[in-house]
Amino acid sequence: MTFVTQLMLLFLIVCAIAVCLTRNLLTSVIIYMGYSMIMSIIWITLESPDLAITEAAVGAGITSLLFFLTLKKIHAIDARNEVRRAHEQAQKEKNGGADDGNA
Amino acid sequence: MATPEWFGKFKHRMAEIVETENDVLERDMVRSQEIEPEKGETEEEMYRRIRLEQEKQEEEEIAKRLHEWNSRNVSKVSRGVYCALCVLICVTMIALLMYTVTTLPSFGSPDHPINNEVSARYIEKGLQETGAVNIVTGMILDYRAFDTLGESTVLFTAAMVVLFLLRLDSGSEKYSQLARSMKEAPHADNFYEPRHDAILQMTAKILTPIIILLGIYVVLNGHLSPGGGFSGGAIMGAGLIIYVTAFGFADIRRFFTYKTYQRVVLCALLTYAASKCYSFYTGANGIHSIIPLGTPGAILSSGLILVLNICVGFIVTCTMYAFYAVFRKGEV
Amino acid sequence: MLSKLLTNYEETVAVILFCIGFSTMLLNKNLLKKIIGMDIMDTAVYLFLASQGYIKGRTVPIVVDGIQSVEAYINPIPAGLVLTGIVVSVSVSALMLALCIRLYYRYNTLNLDEIIALAGKEEV
Amino acid sequence: MQFVQNFPFFCILLTLMGAVASSVMNSRMARRTTLFLILADLAMNVSVMIYTLQTGDSYAYKMGHFPAPWGNEIRVGVLETVSLTVFLLVILFAFLGGMRKSEKEIEPTKYNIYCILTDLVMLSLIALVYTNDMFTAFVFIEINTLAAAGLVMMRQGGRALVAGVRYMMMNLLGSSLFLIGCVILYTITGHLLMVNIRESVAALAATGQYHVPLTVVVSLISVGLAMKCALFPFDKWLPAAYSNSTPTGSAMLSSIVSKGYIFLLIKVYVRVIGFDVIRSLGICDVLFIFGAIGMVAGSVNATRAKTTRMMVAYSSVAQIGYIFAALGLGSEMGVMCALWHTLAHSATKSMLFISAHTLDHASGDTHLRKDLRGAFYRSPLAAAAFTLGAVNLVGVPLLSVFITKVTMAQAAIQIGGRHTVIALCALAISTLLNAKYFLGTTMQMYIPDHEHPERNAKVKINFYAALGLIGFIALNLTLSFFAQGIFGALLDGLARFA
């Protein structure tokens with residue numbers, strides 16, 4: 001049991017560092033969600049199921065949801081950039097010869 | 001440039017899928033602007049063109065502003081000094097806190113200073129004095145109820161500030177600009193509604209009752225098993241959120257509006273405060289409380305704790321749902 | 001000293017997490033990252049607190065079979081305090097995220113330095 | 001137990017219920033509720049004050065059925081009630097003084113939220129002043145922080161939002177530090193109740209065990225609360241937050257929100273840790289140095305401020321510096337000085353903010369300092385209030401802040417050595433700078449604007465603002481003229497505070 005706990009704690013640190021270092025906001029929010037989930041397992045190993053339920057419902061549930069909504073509002077998730085790149089590529093293919101000549 | 005070909009194709013395909021999905025929404029959006037298609041252009045292409053133009057404009061503007069900001073005298077030196085200072089503070093703090101940790105008693109040993117007469121009484125007499133089998137619930141809702149009252153107030157305060165920041169009122173002109181930008185932003189959620197997703201709706205139909213039932217169970221059993229008003233409330237809030245995601249706000253308006261939110265929170269918090277008022281007053285003045293504690297272990301036991309749990313449950317459910325709704329579309 | 005740190009491993013991890021959160025909050029320019037850093041900092045404090053209440057070989061403080069001796073259960077106080085604390089931190093994050101959205105609508109960015117610079121140029 | 005002893009608890013619960021009930025009211029009803037709550041709290045508090053002054057002793061009030069180490073309790077004494085009476089009067093006048101202007105500046109459908117937040121700030125202030133438990137203090141600090149953040153952002157403009165986010169960042173950092181300080185303190189003493197912590201700390205200090213953890217705890221709590229009060233190195237958020245809020249908001253933020261934290265810090269030092277232990281840990285000197293630097297730095301910044309409100313806000317930084325420097329002297333005299341300045345500054349600074357807003361409004365919604373030329377002729381009452389506040393802060397004899405300065409100098413001389421030199425130098429420089437910017441602005445108000453004679457016409461200010469300003473002038477004069485009596489009462493209270 002101790003070994004599992006220690007592994008979880010190590011994982012917690014890794015998650016925390018990863019959250020801080022990732023550039024992509026979506027990735028870091030998802031990692032943070034995982035962090036909360038691990039936290040709720042740690043609460044169980046610490047014999048506090050009350051905290052585990054609360055952390056799972058609030059930390060991994062509601063807080064992450066609010067983060068996702070925020071990301072959506074600030075256009076961090078939308079596929080806009082992908083679409084645009086694909087579109088430009090298609091344009092290039094359409095009148096490909098001229099573009100290549102210029103370049 | 002070493003991307004394999006299949007990957008490029010895959011990406012292209014994905015982009016197309018996303019695009020066709022967006023196009024449907026685009027059409028409704030752009031239609032209101034009454035723009036005629038250029039010569040030799042299909043409708044589809046026109047929407048794409050307009051959207052790309054808009055995006056380009058937007059991005060150019062941002063880039064311009066960024067450039068302006070960068071060209072201002074953002075001194076890199078001060079930033080460096082700031083970073084160095086922060087790192088220094090962090091290192092000092094980690095050293096001091098680590099040292100503090102080494103002076104504490106070992107983890108898991110019973111001779112911590114906190115295992116004193118206070119926790120002993122909670123464990124030994126908690127059941128008789130509060131009637132709650134779950135000692136933690138008994139402690140936070142009876143022994144240290146003032147803290148918990150403060151905690152609910154924190155939630156209420158946060159809800160008020162969030163509503164203040166994000167709720168849009170059609171009546172006020174001053175901030176109609178914000179309302180427009182929120183409602184008509186390219187990816188605002190109003191465009192997605194109502195969206196009949198069969199899989200999601202089916203799942204929600206099955207899941208929502210179960211989740212809400214679980215939440216109710218956790219709330220009502222707060223004094224008997226792990227959980228309580230807060231966790232149960234959060235679970236019920238999650239249930240409501242799943243429902244609204246599947247069926248849309250128009251559907252949930254049938255039974256949950258801003259007025260409902262206001263009234264439920266008002267009643268729950270007032271009941272909470274009033275019952276605490278009673279127990280604080282009787283406690284401090286040495287009056288015997290007339291509320292029976294019931295048989296320990298029964299669902300109708302532990303006096304006011306059950307009522308308080310239900311109140312907290314209602315407050316949290318409504319607040320969590322209100323957070324979601326107000327974040328998503330600016331009104332409850 | 002090191003052995004003591006290893007014995008108190010929960011507390012040690014809590015301290016490390018606290019400092020990670022603290023430095024994220026101070027050093028990262030992105031507002032969302034700052035909020036996540038703040039949340040990490042709060043959970044670290046709660047981990048520290050809850051690990052104090054844990055006693056090896058004892059169980060959850062829920063009275064079973066009428067046993068009410070101190071030797072049977074762990075300390076319930078830290079769990080109660082943490083429960084209160086979690087509610088506080090979720091309220092704070094909700095508020096900060098709402099503020100983020102408002103700032104993004106106005107300035108189209110979440111970089112705090114940039115936002116401050118842009119706001120400085122606005123009319124009073 | 002006498003019935004009057006219940007009043008502090010009634011205050012807290014009544015304010016909470018009023019705030020909650022306001023959430024379904026329209027703006028008019030919400031405003032009336034807030035006024036009613038302030039008056040009711042004031043009335044109850046005055047009666048408790050009279051009771052405690054008569055008995056001269058403090059008493060603990062159980063919150064619930066269980067006695068102290070198991071349940072929560074609040075503690076009421078002379079010091080708490082006297083300070084709270086002054087704070088509540090300040091809230092009353094600030095609310096009245098800024099009422100009409102706030103109505104214009106706040107979105108009408110959200111006016112009731114403004115009233116709710118005012119109630120909540122008041123609630124948390126009352127709880128922070130009375131509480132006798134560290135964790136309760138943390139919870140109410142959070143309520144205070146969140147409600148005050150709402151007040152900072154009330155005007156919803158870009159600057160207000162940015163001020164809000166800066167405010168939140170600094171304050172959340174502060175709360176987290178305070179929380180971990182509390183947690184470690186709880187870990188090494190095993191108690192959350194202040195009186196019990198005191199006993200354990202005394203025992204620990206006697207054995208010399210836990211010297212470093214205690215130092216860490218005290219410094220974490222001090223730094224956390226200093227961040228929230230904007231002591232010198234952490235003062236960057238303050239001017240924007242104070243100057244971009246509504247009139248009532250600025251007045252409340254400067255004189256209620258930060259003062260609640262200072263009161264709590266004094267409580268932690270005197271009641272929880274004990275001043276002998278604090279002195280032996282060497283935290284005092286750090287506070288003293290930063291306070292002294294803050295006194296000078298705040299004044300220097302205020303001299304360079306372009307707008308009136310910025311100037312007043314920066315002067316707040318300097319005044320917070322006074323309070324911390326006085327605390328850092330580490331003697332009873334120093335604590336007395338800090339307490340007195342908390343009250344005097346609270347009354348003065350909110351008056352300055354309300355009158356500055358009124359003057360700005362009368363001068364055609366300007367913000368700049370130079371536009372205040374001839375403001376006296378536009379709004380004599382507001383100009384009089386501003387002048388009184390300005391001369392008070394400069395330290396003209398017979399007024400309340402003068403007493404602070406004298407007490408501080410006395411306390412510093414008592415200690416001797418380097419403290420005396422630093423304290424006297426900081427006092428002298430700060431007073432000179434104060435005189436420069438405050439008197440400069442004030443004098444300008446009395447010079448009529450000859451270039452634009454039409455600007456010298458009197459502008460009518462509304463009834464409530466006038467009421468608020470008159471109330472503030474009366475409060476400040478009372479604090480000045482009856483200083484001896486109030487000071488004596490506070491000194492008695494401090495003896496029983498621990």
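Modeller: Some terms come with the picture: helices (DSSP H or I, at least four residues) and strands (DSSP E, at least two) are numbered from the N terminus. From that end, the elements of chain C run α-α-α-α-α. In other words, chain C holds five helices and zero strands. Its radius of gyration is 20 Å, well over the 14 Å that the globule rule gives for 124 residues, so chain C is more spread out than a compact globule. That radius is taken over C-alpha atoms, and the rule is 2.2 Å times the number of residues to the power 0.38. Along its principal axes, the C-alpha trace of chain C spans about 70 × 35 × 20 Å.

Everything here comes from a predicted model, in which local features need pLDDT of at least 70 and side-chain atom pairs count only at pLDDT 80 or more, while totals for chains, interfaces and linings use all residues. Residues are numbered from 1 along each chain as its sequence is written, and chains are lettered from A and ligands numbered from 1 in the order in which they are written. The predictor gives the complex an ipTM of 0.92 and a pTM of 0.89. Confidence per residue is pLDDT, from 0 to 100. Chain C averages 87, with 98% of its residues scoring at least 70. Among the elements of chain C, the lowest mean pLDDT, 81, belongs to H1(C), and the highest, 92, to H3(C).

Next comes packing. A residue is buried if 20 or more other C-beta atoms lie within 10 Å of its own, exposed if 12 or fewer, and partly exposed in between, with C-beta atoms placed from the backbone. Of the 124 residues of chain C, 66% count as buried. In H2(C), 15 of the 19 residues are buried, so this helix is largely enclosed by the rest of the structure. The expected span of a helix is 1.5 Å times one less than its number of residues. For H2(C) that gives 27 Å, and the end C-alpha atoms are 27 Å apart, which agrees. Residues are in contact when their C-beta atoms lie within 7 Å. Among contacts in chain C between residues at least 6 apart in sequence, 52% join residues at least 24 apart.

Met96(C) lies in helix H4 of chain C. With 25 other C-beta atoms within 10 Å, Met96(C) is buried. Not counting residues up to four places away in sequence, Met96(C) touches Ile35(C) and Met168(D), a pair that includes a residue of chain D. Phe18(C) is 78 residues from Met96(C) in sequence, and their C-alpha atoms are 19 Å apart in space.

Chain C also touches chain B, through 50 residues from chain C and 52 residues from chain B. Five helices each supply at least two residues of the chain C side: H1 (2-7), H2 (9-27), H3 (31-53), H4 (76-107) and H5 (112-121). H4(C) provides the largest share of that side, 17 residues. Within chain B, helix H6 (residues 145-166) has 22 of its 22 residues buried, so H6(B) is largely enclosed by the rest of the structure. Its 22 residues should span 32 Å, and its end C-alpha atoms are 32 Å apart, which agrees.

Of the 498 residues of chain D, 66% count as buried. Contacts in chain D with a separation of 6 or more are made up, to 79%, of residues 24 or more positions apart. Chain D averages a pLDDT of 89, and 100% of the residues score at least 70.

Chain D meets chain B as well, with 50 residues from chain D and 49 residues from chain B in contact. The largest share of the chain D side, ten residues, comes from H6(D).

Notes: Contact = placed C-beta atoms within 7 Å. pLDDT = per-residue confidence, 0-100.
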